Amino acid sequence: MDLDLPPLTPQSLPSPHLTARDLCIEVPFVTPDADNLAVMALFTKQPSLTSLPVVEQRHPLGLINRHLFLSQMSRPFFRELYDRKSCIAFMDKMPLVIDAASTLDSVAQQMVASGDKSLTDGFILTSAGEYIGIGLGIDLIRTVSDQQARQHQQIMQSIEYARVIQEAMLDQSQRSLVQQLRDSCLCWQPRDCVGGDFYAFHTFPHGWLLLMADCTGHGVPGAFMTVILSSALEKALTQCEPDQPEQLLQHINRYIKQTLGQLQQSEQTSLSNDGCDALALFVDTREDRMIWAGARISGFLLSTVSEQAILLSCDRMGVGYTDTPVDYAWARHELPLKPQDLFLTFTDGLTDQIGGERHIMFGRKRIQAELERYRTRPMSELAEGLQQAYLAWQGQQLRRDDMTFLGFRY
(Lines give C-alpha, C1' and ligand atoms only; values in the text may rest on other atoms or scores of the structure.)
Protein backbone atom coordinates (compact mmCIF):
# COMPACT_ATOMS: atom_id res chain seq x y z
CA MET A 1 0.00 0.00 0.00
CA ASP A 2 1.34 3.42 -0.94
CA LEU A 3 0.60 6.07 1.65
CA ASP A 4 1.09 9.77 1.04
CA LEU A 5 2.29 10.52 4.54
CA PRO A 6 5.09 12.65 5.99
CA PRO A 7 8.24 10.95 7.31
CA LEU A 8 7.49 9.15 10.54
CA THR A 9 9.04 10.84 13.56
CA PRO A 10 8.35 10.42 17.28
CA GLN A 11 6.43 13.69 17.17
CA SER A 12 4.23 12.59 14.26
CA LEU A 13 3.36 9.15 15.61
CA PRO A 14 -0.30 8.73 16.59
CA SER A 15 -0.83 8.92 20.30
CA PRO A 16 -2.04 5.64 21.80
CA HIS A 17 -4.09 7.77 24.26
CA LEU A 18 -6.35 9.70 21.88
CA THR A 19 -9.75 10.30 23.45
CA ALA A 20 -13.10 11.80 22.52
CA ARG A 21 -11.78 15.17 23.75
CA ASP A 22 -9.51 15.27 20.70
CA LEU A 23 -12.66 15.38 18.54
CA CYS A 24 -14.24 18.23 20.51
CA ILE A 25 -15.52 21.22 18.52
CA GLU A 26 -16.63 24.34 20.35
CA VAL A 27 -19.88 25.53 18.80
CA PRO A 28 -22.56 27.94 19.97
CA PHE A 29 -25.41 26.47 21.93
CA VAL A 30 -28.87 27.59 22.95
CA THR A 31 -30.91 27.17 26.10
CA PRO A 32 -34.50 25.90 26.25
CA ASP A 33 -35.59 29.54 26.59
CA ALA A 34 -34.32 30.34 23.10
CA ASP A 35 -36.97 30.49 20.38
CA ASN A 36 -36.72 29.04 16.90
CA LEU A 37 -36.06 32.47 15.43
CA ALA A 38 -32.75 32.50 17.35
CA VAL A 39 -31.97 29.01 16.10
CA MET A 40 -32.67 30.12 12.51
CA ALA A 41 -30.33 33.08 12.97
CA LEU A 42 -27.48 30.83 14.19
CA PHE A 43 -27.90 28.36 11.34
CA THR A 44 -27.98 31.23 8.84
CA LYS A 45 -24.88 32.84 10.32
CA GLN A 46 -22.89 29.59 10.45
CA PRO A 47 -23.54 27.49 7.31
CA SER A 48 -21.12 24.78 8.48
CA LEU A 49 -23.02 24.17 11.72
CA THR A 50 -24.61 20.74 11.30
CA SER A 51 -26.21 20.49 14.73
CA LEU A 52 -26.98 22.95 17.50
CA PRO A 53 -26.75 21.76 21.12
CA VAL A 54 -29.43 22.69 23.63
CA VAL A 55 -27.90 23.17 27.07
CA GLU A 56 -29.42 24.06 30.42
CA GLN A 57 -27.18 24.98 33.36
CA ARG A 58 -24.17 23.36 31.67
CA HIS A 59 -26.02 20.07 31.21
CA PRO A 60 -26.95 18.91 27.68
CA LEU A 61 -30.61 18.43 26.85
CA GLY A 62 -30.58 17.64 23.16
CA LEU A 63 -29.47 18.41 19.61
CA ILE A 64 -31.20 20.30 16.81
CA ASN A 65 -30.31 18.89 13.42
CA ARG A 66 -29.78 21.64 10.85
CA HIS A 67 -31.29 19.80 7.91
CA LEU A 68 -34.41 18.65 9.76
CA PHE A 69 -34.93 22.05 11.36
CA LEU A 70 -34.70 23.97 8.09
CA SER A 71 -36.92 21.41 6.34
CA GLN A 72 -39.62 21.78 8.95
CA MET A 73 -39.44 25.57 9.08
CA SER A 74 -39.78 25.79 5.31
CA ARG A 75 -43.20 24.16 5.38
CA PRO A 76 -46.24 26.44 4.93
CA PHE A 77 -47.14 28.50 7.99
CA PHE A 78 -44.46 26.85 10.19
CA ARG A 79 -42.55 30.13 10.55
CA GLU A 80 -45.67 31.88 11.71
CA LEU A 81 -46.48 29.04 14.13
CA TYR A 82 -43.04 28.25 15.57
CA ASP A 83 -40.77 31.29 15.21
CA ARG A 84 -41.48 32.44 18.76
CA LYS A 85 -41.84 29.03 20.34
CA SER A 86 -39.13 27.23 22.34
CA CYS A 87 -36.41 25.55 20.31
CA ILE A 88 -37.11 22.23 22.05
CA ALA A 89 -39.98 21.73 19.61
CA PHE A 90 -37.50 20.49 16.99
CA MET A 91 -34.90 19.09 19.38
CA ASP A 92 -33.78 15.47 19.45
CA LYS A 93 -34.29 14.66 23.11
CA MET A 94 -32.16 11.48 23.01
CA PRO A 95 -28.87 12.48 21.40
CA LEU A 96 -25.71 10.46 21.85
CA VAL A 97 -23.79 11.89 24.82
CA ILE A 98 -20.18 10.78 25.29
CA ASP A 99 -17.75 11.50 28.08
CA ALA A 100 -14.67 13.33 26.80
CA ALA A 101 -12.36 10.82 28.47
CA SER A 102 -13.71 7.93 26.35
CA THR A 103 -11.24 6.24 24.01
CA LEU A 104 -11.80 6.42 20.28
CA ASP A 105 -12.64 2.71 20.26
CA SER A 106 -15.33 3.33 22.86
CA VAL A 107 -16.68 6.29 20.85
CA ALA A 108 -16.89 4.15 17.72
CA GLN A 109 -18.70 1.38 19.58
CA GLN A 110 -21.22 3.82 21.07
CA MET A 111 -21.85 5.37 17.65
CA VAL A 112 -22.47 1.96 16.09
CA ALA A 113 -24.90 1.12 18.90
CA SER A 114 -26.77 4.42 18.48
CA GLY A 115 -27.28 3.96 14.72
CA ASP A 116 -26.83 6.31 11.78
CA LYS A 117 -28.24 9.31 13.61
CA SER A 118 -25.05 10.07 15.53
CA LEU A 119 -22.98 9.74 12.36
CA THR A 120 -24.94 12.50 10.62
CA ASP A 121 -25.95 14.66 13.60
CA GLY A 122 -22.80 14.25 15.65
CA PHE A 123 -22.72 13.71 19.38
CA ILE A 124 -22.48 15.80 22.52
CA LEU A 125 -19.28 15.74 24.57
CA THR A 126 -19.28 16.20 28.31
CA SER A 127 -16.75 16.39 31.11
CA ALA A 128 -17.94 15.50 34.59
CA GLY A 129 -21.44 15.57 33.14
CA GLU A 130 -21.16 19.15 31.86
CA TYR A 131 -21.35 20.18 28.22
CA ILE A 132 -18.01 21.09 26.55
CA GLY A 133 -18.75 20.77 22.81
CA ILE A 134 -19.77 18.37 20.09
CA GLY A 135 -18.04 15.74 18.01
CA LEU A 136 -18.69 14.77 14.40
CA GLY A 137 -18.80 11.28 12.97
CA ILE A 138 -16.71 12.32 9.98
CA ASP A 139 -13.97 13.59 12.30
CA LEU A 140 -13.96 10.28 14.15
CA ILE A 141 -13.62 8.38 10.86
CA ARG A 142 -10.87 10.70 9.67
CA THR A 143 -8.94 10.51 12.95
CA VAL A 144 -9.16 6.72 13.23
CA SER A 145 -8.22 6.28 9.55
CA ASP A 146 -5.24 8.61 9.92
CA GLN A 147 -4.16 6.82 13.08
CA GLN A 148 -4.37 3.41 11.40
CA ALA A 149 -2.51 4.68 8.33
CA ARG A 150 0.31 6.03 10.45
CA GLN A 151 0.46 2.85 12.53
CA HIS A 152 0.54 0.85 9.30
CA GLN A 153 3.42 2.98 8.06
CA GLN A 154 5.28 2.48 11.33
CA ILE A 155 4.81 -1.29 11.10
CA MET A 156 5.96 -1.33 7.47
CA GLN A 157 9.03 0.73 8.33
CA SER A 158 9.86 -1.71 11.13
CA ILE A 159 9.46 -4.68 8.78
CA GLU A 160 11.60 -2.96 6.16
CA TYR A 161 14.31 -2.46 8.77
CA ALA A 162 13.98 -6.14 9.71
CA ARG A 163 14.53 -6.97 6.02
CA VAL A 164 17.77 -4.95 6.02
CA ILE A 165 18.94 -6.82 9.12
CA GLN A 166 18.05 -10.22 7.68
CA GLU A 167 19.76 -9.53 4.36
CA ALA A 168 22.85 -8.30 6.21
CA MET A 169 22.85 -11.56 8.20
CA LEU A 170 22.82 -13.57 4.95
CA ASP A 171 25.19 -11.30 3.04
CA GLN A 172 28.44 -12.81 4.38
CA SER A 173 27.38 -16.28 3.31
CA GLN A 174 26.34 -15.04 -0.12
CA ARG A 175 29.68 -13.34 -0.71
CA SER A 176 31.62 -16.38 0.52
CA LEU A 177 29.57 -18.62 -1.77
CA VAL A 178 30.35 -16.48 -4.83
CA GLN A 179 34.06 -16.31 -3.99
CA GLN A 180 34.44 -20.03 -3.29
CA LEU A 181 32.24 -21.45 -6.06
CA ARG A 182 32.84 -19.97 -9.48
CA ASP A 183 29.78 -21.64 -11.02
CA SER A 184 26.90 -21.42 -8.55
CA CYS A 185 23.41 -19.98 -8.20
CA LEU A 186 21.32 -18.70 -5.34
CA CYS A 187 17.71 -17.56 -5.28
CA TRP A 188 16.26 -16.33 -1.97
CA GLN A 189 12.74 -14.96 -2.25
CA PRO A 190 10.72 -14.46 0.95
CA ARG A 191 6.97 -14.49 0.39
CA ASP A 192 6.72 -11.28 2.39
CA CYS A 193 9.30 -8.61 3.08
CA VAL A 194 11.18 -10.97 5.39
CA GLY A 195 10.96 -14.73 5.61
CA GLY A 196 11.80 -17.99 7.30
CA ASP A 197 14.15 -19.48 4.68
CA PHE A 198 17.80 -19.44 5.75
CA TYR A 199 21.14 -20.39 4.26
CA ALA A 200 24.69 -20.30 5.55
CA PHE A 201 28.02 -20.93 3.82
CA HIS A 202 31.31 -21.37 5.70
CA THR A 203 34.74 -22.18 4.29
CA PHE A 204 37.41 -24.32 5.96
CA PRO A 205 40.94 -25.43 4.98
CA HIS A 206 39.72 -28.83 3.72
CA GLY A 207 36.33 -27.82 2.27
CA TRP A 208 33.16 -25.86 2.86
CA LEU A 209 29.87 -26.22 4.70
CA LEU A 210 26.42 -25.37 3.40
CA LEU A 211 23.30 -25.22 5.56
CA MET A 212 19.90 -24.75 3.93
CA ALA A 213 16.87 -24.42 6.20
CA ASP A 214 13.17 -23.65 6.12
CA CYS A 215 12.04 -22.31 9.49
CA THR A 216 8.51 -22.43 10.85
CA GLY A 217 6.26 -19.82 9.28
CA HIS A 218 7.08 -16.92 7.02
CA GLY A 219 7.13 -13.15 7.41
CA VAL A 220 8.24 -11.77 10.79
CA PRO A 221 7.75 -15.02 12.82
CA GLY A 222 9.83 -16.95 10.30
CA ALA A 223 12.50 -14.24 10.33
CA PHE A 224 12.78 -14.51 14.12
CA MET A 225 13.39 -18.23 13.76
CA THR A 226 16.21 -17.64 11.26
CA VAL A 227 17.97 -15.50 13.87
CA ILE A 228 17.69 -18.35 16.39
CA LEU A 229 18.93 -20.82 13.77
CA SER A 230 21.90 -18.64 12.87
CA SER A 231 22.96 -18.51 16.52
CA ALA A 232 22.41 -22.25 16.83
CA LEU A 233 24.70 -22.96 13.89
CA GLU A 234 27.46 -20.69 15.19
CA LYS A 235 27.39 -22.43 18.55
CA ALA A 236 27.23 -25.89 16.96
CA LEU A 237 30.39 -25.18 14.95
CA THR A 238 32.27 -24.57 18.20
CA GLN A 239 31.26 -28.00 19.48
CA CYS A 240 31.76 -30.28 16.48
CA GLU A 241 33.61 -30.44 13.18
CA PRO A 242 32.02 -29.10 9.98
CA ASP A 243 32.44 -32.50 8.28
CA GLN A 244 30.03 -34.00 10.81
CA PRO A 245 26.72 -32.60 9.52
CA GLU A 246 24.67 -35.17 11.43
CA GLN A 247 26.15 -33.89 14.70
CA LEU A 248 25.60 -30.27 13.65
CA LEU A 249 21.88 -31.00 13.30
CA GLN A 250 21.86 -32.62 16.74
CA HIS A 251 23.44 -29.56 18.36
CA ILE A 252 21.08 -27.22 16.49
CA ASN A 253 18.11 -29.33 17.58
CA ARG A 254 19.10 -29.04 21.25
CA TYR A 255 19.85 -25.31 20.98
CA ILE A 256 16.43 -24.54 19.46
CA LYS A 257 14.67 -26.58 22.13
CA GLN A 258 16.59 -24.79 24.87
CA THR A 259 15.96 -21.36 23.38
CA LEU A 260 12.22 -21.98 23.01
CA GLY A 261 11.88 -23.53 26.45
CA GLN A 262 10.87 -26.96 25.19
CA LEU A 263 13.25 -28.82 27.50
CA GLN A 264 11.63 -27.31 30.60
CA GLN A 265 8.07 -28.20 29.57
CA SER A 266 6.36 -31.34 28.48
CA GLU A 267 5.38 -31.88 24.87
CA GLN A 268 1.76 -31.25 25.81
CA THR A 269 2.39 -27.96 27.71
CA SER A 270 5.09 -26.35 25.55
CA LEU A 271 3.98 -23.00 24.20
CA SER A 272 6.15 -23.32 21.10
CA ASN A 273 6.21 -26.04 18.48
CA ASP A 274 8.67 -24.26 16.22
CA GLY A 275 11.74 -25.52 14.44
CA CYS A 276 13.04 -26.00 10.92
CA ASP A 277 13.63 -28.40 8.10
CA ALA A 278 17.31 -28.39 7.20
CA LEU A 279 20.06 -29.84 5.07
CA ALA A 280 23.65 -29.72 6.33
CA LEU A 281 26.16 -30.48 3.56
CA PHE A 282 29.95 -30.55 3.77
CA VAL A 283 32.07 -30.78 0.62
CA ASP A 284 35.53 -32.22 1.31
CA THR A 285 37.69 -30.71 -1.39
CA ARG A 286 40.73 -32.81 -0.45
CA GLU A 287 39.00 -36.15 -0.92
CA ASP A 288 36.41 -34.98 -3.49
CA ARG A 289 33.36 -36.14 -1.59
CA MET A 290 30.25 -34.67 -0.07
CA ILE A 291 28.85 -35.55 3.33
CA TRP A 292 25.35 -34.61 4.33
CA ALA A 293 22.50 -35.06 6.78
CA GLY A 294 18.98 -34.02 5.88
CA ALA A 295 16.01 -33.16 8.06
CA ARG A 296 13.11 -33.14 5.59
CA ILE A 297 15.18 -31.18 3.05
CA SER A 298 16.91 -33.00 0.24
CA GLY A 299 18.59 -32.11 -3.04
CA PHE A 300 19.49 -33.40 -6.48
CA LEU A 301 22.94 -34.52 -7.62
CA LEU A 302 23.50 -34.77 -11.36
CA SER A 303 26.71 -36.65 -12.00
CA THR A 304 28.69 -36.39 -15.20
CA VAL A 305 28.46 -40.19 -15.54
CA SER A 306 24.68 -40.33 -15.02
CA GLU A 307 21.87 -39.37 -17.36
CA GLN A 308 19.41 -38.60 -14.58
CA ALA A 309 19.72 -36.56 -11.41
CA ILE A 310 19.42 -38.57 -8.21
CA LEU A 311 17.50 -37.41 -5.16
CA LEU A 312 19.58 -37.38 -2.00
CA SER A 313 18.29 -39.24 1.04
CA CYS A 314 17.00 -37.35 4.08
CA ASP A 315 15.31 -38.14 7.39
CA ARG A 316 11.61 -37.39 7.84
CA MET A 317 12.26 -35.74 11.20
CA GLY A 318 12.43 -31.97 11.55
CA VAL A 319 14.79 -30.02 13.80
CA GLY A 320 13.69 -28.42 17.07
CA TYR A 321 10.01 -29.38 17.04
CA THR A 322 8.33 -30.74 20.17
CA ASP A 323 7.91 -34.18 18.60
CA THR A 324 11.61 -34.37 17.72
CA PRO A 325 13.52 -36.20 20.49
CA VAL A 326 16.27 -34.09 22.01
CA ASP A 327 18.77 -36.90 21.31
CA TYR A 328 17.54 -37.74 17.81
CA ALA A 329 20.42 -38.81 15.52
CA TRP A 330 20.13 -37.89 11.84
CA ALA A 331 21.66 -40.29 9.33
CA ARG A 332 25.03 -39.47 7.79
CA HIS A 333 25.43 -39.92 4.02
CA GLU A 334 28.43 -39.71 1.70
CA LEU A 335 28.96 -39.66 -2.05
CA PRO A 336 32.06 -39.06 -4.19
CA LEU A 337 32.20 -35.92 -6.32
CA LYS A 338 33.71 -35.52 -9.77
CA PRO A 339 34.50 -32.34 -11.68
CA GLN A 340 31.39 -30.85 -13.32
CA ASP A 341 28.98 -32.71 -11.03
CA LEU A 342 25.94 -30.54 -10.47
CA PHE A 343 24.08 -30.13 -7.17
CA LEU A 344 20.85 -28.29 -6.31
CA THR A 345 18.91 -28.01 -3.05
CA PHE A 346 15.68 -26.14 -2.35
CA THR A 347 12.97 -25.41 0.21
CA ASP A 348 9.38 -26.58 -0.13
CA GLY A 349 8.31 -23.11 -1.21
CA LEU A 350 9.49 -24.23 -4.65
CA THR A 351 8.03 -27.73 -4.73
CA ASP A 352 4.72 -26.94 -3.02
CA GLN A 353 3.68 -23.95 -5.10
CA ILE A 354 0.22 -24.51 -6.57
CA GLY A 355 -0.23 -23.76 -10.26
CA GLY A 356 -0.61 -25.16 -13.74
CA GLU A 357 -3.87 -26.05 -15.45
CA ARG A 358 -4.85 -28.56 -12.76
CA HIS A 359 -3.81 -26.36 -9.82
CA ILE A 360 -1.38 -28.87 -8.37
CA MET A 361 2.07 -28.54 -6.81
CA PHE A 362 5.17 -27.74 -8.85
CA GLY A 363 6.84 -30.87 -7.49
CA ARG A 364 10.32 -32.35 -7.68
CA LYS A 365 10.02 -33.86 -11.14
CA ARG A 366 9.86 -30.43 -12.77
CA ILE A 367 12.93 -29.35 -10.84
CA GLN A 368 14.72 -32.50 -11.97
CA ALA A 369 13.70 -31.84 -15.59
CA GLU A 370 15.10 -28.29 -15.46
CA LEU A 371 18.30 -29.59 -13.90
CA GLU A 372 18.80 -32.11 -16.69
CA ARG A 373 17.84 -29.56 -19.33
CA TYR A 374 20.56 -27.15 -18.22
CA ARG A 375 23.15 -29.78 -17.26
CA THR A 376 25.81 -28.34 -19.62
CA ARG A 377 24.86 -24.69 -19.19
CA PRO A 378 26.17 -22.24 -16.57
CA MET A 379 24.40 -22.27 -13.22
CA SER A 380 23.17 -18.74 -13.80
CA GLU A 381 21.19 -20.00 -16.81
CA LEU A 382 19.81 -22.88 -14.74
CA ALA A 383 18.65 -20.40 -12.09
CA GLU A 384 16.98 -18.21 -14.70
CA GLY A 385 15.28 -21.18 -16.35
CA LEU A 386 14.06 -22.58 -13.05
CA GLN A 387 12.65 -19.23 -11.96
CA GLN A 388 10.85 -18.77 -15.27
CA ALA A 389 9.39 -22.27 -15.04
CA TYR A 390 8.28 -21.57 -11.46
CA LEU A 391 6.63 -18.24 -12.33
CA ALA A 392 4.91 -19.71 -15.39
CA TRP A 393 3.60 -22.55 -13.22
CA GLN A 394 2.41 -20.14 -10.51
CA GLY A 395 0.48 -18.01 -12.99
CA GLN A 396 -2.21 -16.04 -11.17
CA GLN A 397 -2.01 -18.18 -8.04
CA LEU A 398 -0.87 -16.55 -4.81
CA ARG A 399 2.60 -17.42 -3.61
CA ARG A 400 2.24 -19.91 -0.77
CA ASP A 401 5.57 -19.71 1.01
CA ASP A 402 9.11 -18.39 1.00
CA MET A 403 11.09 -19.85 -1.90
CA THR A 404 14.82 -20.59 -1.95
CA PHE A 405 17.11 -22.74 -4.06
CA LEU A 406 20.90 -23.01 -4.19
CA GLY A 407 23.12 -24.92 -6.55
CA PHE A 408 26.72 -25.36 -7.64
CA ARG A 409 28.86 -27.16 -10.17
CA TYR A 410 31.81 -28.91 -8.58
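Predicted model: local features only at pLDDT ≥ 70, side-chain atom pairs only at ≥ 80, totals over all residues.
Strand E4, spanning residues 123-127, pairs with strand E5, spanning residues 130-135, in the antiparallel sense, and 5 bridges connect the two. The strands form a hairpin with 2 residues between them. Within the turn, Ala128 adopts a positive phi of about 55°. Among the residues of this pairing, Thr126 has Tyr131 of E5 as its bridge partner.

Tyr131 also takes part in an aromatic contact. The structure contains 13 aromatic pairs. In one of them, the ring centres of Phe29 and Tyr131 are separated by 5.4 Å and the ring planes meet at 65°; because this angle is over 60 degrees, the pair is classed as edge-to-face.

Elsewhere, Phe43, Phe69, Phe78, Tyr82 and Phe90 make up one aromatic cluster. Tyr82, a member of this cluster, additionally has the charged end of Lys85 over its ring, at 5.2 Å from the ring centre. A further placement of a charged residue over a ring involves Arg366, which lies over the face of Trp393 at a distance of 3.8 Å from the ring centre.

Technical notes:
Residues numbered from 1 in each chain as written. Heavy atoms only, no water. Pairing = 2+ DSSP bridges. Helix = DSSP H or I, 4+ residues; strand = E, 2+ residues; numbered from the N terminus. Phe/Tyr/Trp six-rings, centres within 6.5 Å; stacked < 30°, edge-to-face > 60°. Lys NZ or Arg CZ within 6 Å of the ring centre and 35° of its normal.
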